[in-house]
Amino acid sequence: MNPVIDGPTTLSPARTRLALLALALGGFGIGSTEFVAMGLLPNIAHDLLPQLYAASPTAANAQAGWIISAYALGVVVGAPTIAAVAARWPRKKLLLWLLVAFTVGTIASALAPTFQLVLVARFLSALPHGAYFGIASLVAASLMGPGKRGQGVAFVLSGLTIANVIGVPFITWIGQQHGWRIAYIVVAAIFALTFAAVALLVPWQAGDPRATLRNELRAFTRLQVWLALLIGAIGFGGFFAVYTYVAPMVTTVTGLQASAVPLVLILIGIGMTIGNLLGGRMADRSVERGMLVFFAIMLAGLAALFFTAWSLTGLLISVFVIAAAASALSPMIQTRLMDVAHDSQSIAAALNHSALNIANASGAFLGGLTIAAGFGYLSPIVVGAILAVAGIVLALVSFGIDHSRARRGVDTGVVHAQRPDPVPID
């Protein structure tokens with residue numbers, strides 16, 4: 001029988017680090033499967049839409065982009081659904097089943113013979129995305145102990161940001177050399193490796209015995225939960241409005257060769273990795289101050305990019321700052337959701353990824369509208385700035401409600417759940 005001991009004292013520091021690395025490896029696989037399609041769209045379009053590609057490569061690439069949209073939609077649907085239904089499951093057991101689903105779904109993506117079946121496979125393979133990050137973040141927060149919850153969340157998310165530096169460029173290269181289907185087989189192998197790592201290294205954790213579907217869904221009745229989701233869905237869209245169109249910006253505005261695009265993307269990935277770790281530390285100190293500070297830094301980076309994108313130095317510094325500031329916001333938004341959700345912790349931790357995928361879709365869509373309207377490749381920067389300002393306004397409204405309630409002696413609805421759950425050791 002496994003003893004139940006408080007989280008921070010149950011594992012040695014080395015065992016804790018290994019458990020966190022196992023959880024982050026899942027984030028690495030998710031980052032790879034989510035973003036690798038962006039670099040392989042022409043290969044996918046050529047293979048699955050040959051007639052359309054022969055007539056118009058641009059139209060074929062645009063239609064192949066539905067694969068990215070199908071994945072984003074799967075994240076939005078799966079995150080709250082799985083987290084709410086399975087909140088009472090033992091957390092390690094749930095993580096393992098989610099990794100099985102990732103592995104099977106990614107293999108199906110690689111083997112599906114038609115474009116329509118690939119779309120379905122990508123939707124299904126995305127369903128575990130938000131639930132994995134949500135549950136893994138709760139496990140990491142428990143392992144880290146009081147006062148380090150934000151750092152635990154950031155550690156799990158670091159796998160996704162590191163994937164943008166290493167995994168996505170490398171797997172994209174494999175796909176270009178050996179076919180896009182092989183690229184997805186490599187991603188499936190990463191998920192299988194993560195399954196083994198989680199099974200061996202992550203301690204057993206019970207689910208929340210008080211959790212019910214009704215209690216988890218009660219999060220949607222709270223104004224502060226909706227405001228936190230809107231901060232992520234709208235404010236974070238400012239980053240994706242720029243990130244989506246950085247490749248044509250590099251070649252058209254800055255005037256660099258296409259070969260420079262992967263290097264710029266790697267720099268963005270490095271900025272995201274550093275920003276994520278900074279954001280986790282700031283979240284443990286003050287979510288309110290950190291969120292406002294990093295939104296302001298992102299706005300400054302967007303302004304700098306608008307006026308200096310023609311310069312290589314200006315471009316590199318600006319995109320690095322934007323990526324770092326945006327990524328720092330992610331663990332803060334997730335921590336804020338966990339703070340305001342009361343007992344609906346599982347669904348709150350997962351909802352952040354639904355919000356960020358809405359930001360991905362909306363930022364790319366709005367930035368594309370301005371380009372299609374003839375305003376050029378700098379116009380998404382303006383869209384990004386408007387979305388970031390909207391995020392600041394929403395954050396100020398949310399924090400203002402907290403302060404107003406506190407002055408009136410009313411419960412703010414914010415629960416700072418810094419004490420970890422008991423961790424049974426297997």
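**Exercise 1.** Which side chain meets Asp402 in a salt bridge?

*Solution.* Start with the source: this is a predicted model, where local features need pLDDT of at least 70, side-chain atom pairs count only at pLDDT 80 or more, and totals for chains, interfaces and linings use all residues. Residues are numbered from 1 along each chain as its sequence is written, and side-chain values use heavy atoms, with hydrogens and water left out.

Step 1. Apply the criterion: a salt bridge is a side-chain nitrogen of Lys or Arg within 4 Å of a carboxyl oxygen of Asp or Glu. The partner of Asp402 is Arg336, at 2.9 Å, N to O.

Step 2. Asp402 lies in helix α19 (residues 379-407) and Arg336 in helix α17 (residues 312-340), so the bridge ties together parts 66 residues apart in sequence. Helices (H or I, at least four residues) are DSSP runs, numbered from the N terminus.

Step 3. Check burial (buried means under 20% relative accessible area, exposed over 50%, partly exposed in between; 1.4 Å probe, protein chains only). Asp402 is buried at 10%, and Arg336 is buried at 5%.

**Exercise 2.** Find how many salt bridges the structure holds, and describe the one made by Asp47.

*Solution.* Step 1. The count is two.

Step 1. Asp47 pairs with Arg181 at 3.6 Å, N to O. Asp47 belongs to helix α2 (residues 13-48) and Arg181 to helix α10 (residues 180-201), so this pair links parts 134 residues apart in sequence.

Step 2. Asp47 is partly exposed at 38%. Arg181 is partly exposed at 24%.

**Exercise 3.** Classify the ring pairs Phe236–Phe240 and Phe239–Tyr243.

*Solution.* Step 1. Set the rule: rings of Phe, Tyr and Trp (its six-membered ring) pair if their centres lie within 6.5 Å; planes under 30 degrees apart count as stacked, over 60 as edge-to-face and the rest as tilted. The whole structure has 10 aromatic pairs.

Step 1. Phe236 and Phe240 are tilted, with 5.6 Å centre to centre and 55° between the planes. Both Phe236 and Phe240 are buried.

Step 2. Phe239 and Tyr243 are stacked, at 5.1 Å centre to centre and 20° between the planes. They sit four residues apart in helix α13 (residues 237-243), so about one helical turn separates them. Phe239 is buried at 4% relative accessible area, and Tyr243 is buried at 12%.

Note on methods. Helices (H or I, at least four residues) and strands (E, at least two) are DSSP runs, numbered from the N terminus.
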